[in-house]
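Dear colleague,

I am handing over the structure below, and my notes on what was found in it follow. Please read them alongside the sequence.

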Amino acid sequence: MLSVTFPYPPSRGGTEVRTYNLLKALQEQHQVTLMTLRHEQVNDEEVAELQNQVETLQVFPSPSENYSRSLVAKTFRFGRFLFDGRPPSTRFRQTDEIQHWVNEQACSGKFDAITCEHSTNEVFVNSVVQKHIPRRVVDIHSSVYGTVKQQLATGTAENPLREQLNLSLLKRYEQRYCQKFTDLVVTTPEDAVQIHELCPQRPVHTVTNGVDLDSFTYRTRDPGGHDLVFVGAMDTPPNIDAAIFFGREVLPHVRVQYPDARLYIVGTRPVESVKNLQALPGVVVTGKVASTTDYLHQSAACVVPLRSGYGIKNKTLEAMAAGVPVVASDRGLEGLTVDGDNVPLRALRANTVEEYVTAIQQLFEKPELRASLSANARTMIEADFTWQQAGRTYSQILAG
């Protein structure tokens, strides 16, 4: 298993959560060797704990991404991307030392399968690996091409001009790297359709995200009140955009009717633009917390106001598992059946300011609606979205 993202603790972001939990599930039936990179925030205790989860752990220092910001350097990087089809953000991780180790493992004859956890790891699957390891799986997590295309369509791209230039190159990149693998894995049926269109020659499998039900326990009481919570790593563009959108555009309208309403923005590594939201009435930015479950249990509702991003959202599944009613966008509810015949069954859907305000008002005023959404959502999670179930599906793909 290759993961340039160090997957422990499984609380830093969606990639860590998915990789760690699939790793745990696979280790129950397979002998897993994990190659990962250690960044400056990883401590020795976390390395030791991850070592306990696998047969063999190989850790390399994370290569430094020292990019010059000069126009000449940017032009050179774009030209190279245009020429060889590989994004700079992927290429810089492929050091000679790491590639040599991967090649040695492939030639050892010990491995029946290799998985790349997120498409950024595809860079290590060269001709040597393809020759010696018969089953090669890329767990895409989220499509880079699809994500940028969506950000441009919704006006949430950080640098629209750059992303417009990159869009066709990212499409070509995704089509090319998919050819190296025997199996492609995505998180939702919607993602499966898009990836199949890009690479119809390879089988595409859906392995959903899941929830650790021991960590996200079902709440024992409804706290009522007017507290809202949004959970996620607060240094990723989709979460940053969502927090700013909700804090600046939605919450003020909610507080007109409910002056005591508060929004708790809970998550690691909040960037400056997220921290600045604390200047707004009713906004609390917590940074890293000991237990996100506690904040979920104490809130009347969880909001997932994402306007971009592909794949099923851990934050949505975890809130549902904890029994907290969810108000979310189409992006936040991707891959989930939450309503039928325009009747909300497991969550409320909102995409505009007005829709969020109306949905939140309904939840604040109707305890019976909160109870119904809470119970129905938890039942769905228990039936269809546990990491044990996802791990079994992933294991079957590896077995062919």
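In this predicted model, strand E11 (residues 301-304) and strand E12 (residues 326-328) run parallel and are joined by 3 bridges, with Val326 of E12 as the bridge partner of Cys302. Helices (H or I, at least four residues) and strands (E, at least two) are DSSP runs, numbered from the N terminus, and two strands pair if DSSP finds at least two bridges between them.

These strands belong to an open sheet of 6 strands in the order E10-E9-E8-E11-E12-E15, with parallel pairing. Strand E10 (283-287) and strand E15 (348-349) stand at its edges with a single partner strand each, so one side of each has no neighbour in the sheet.

Helix H13 (residues 314-321) is mostly covered, with 8 of its 8 residues buried, among them Lys315 and Glu318. Just after H13, Gly323 takes a positive phi of about 85 degrees.

On conventions, residues are numbered from 1 along each chain as its sequence is written, and side-chain values use heavy atoms, with hydrogens and water left out. Local features need pLDDT of at least 70 and side-chain atom pairs count only at pLDDT 80 or more, whereas totals for chains, interfaces and linings use all residues.

Best regards

Terms used
Buried means under 20% relative accessible area, exposed over 50%, partly exposed in between (1.4 Å probe, protein chains only).
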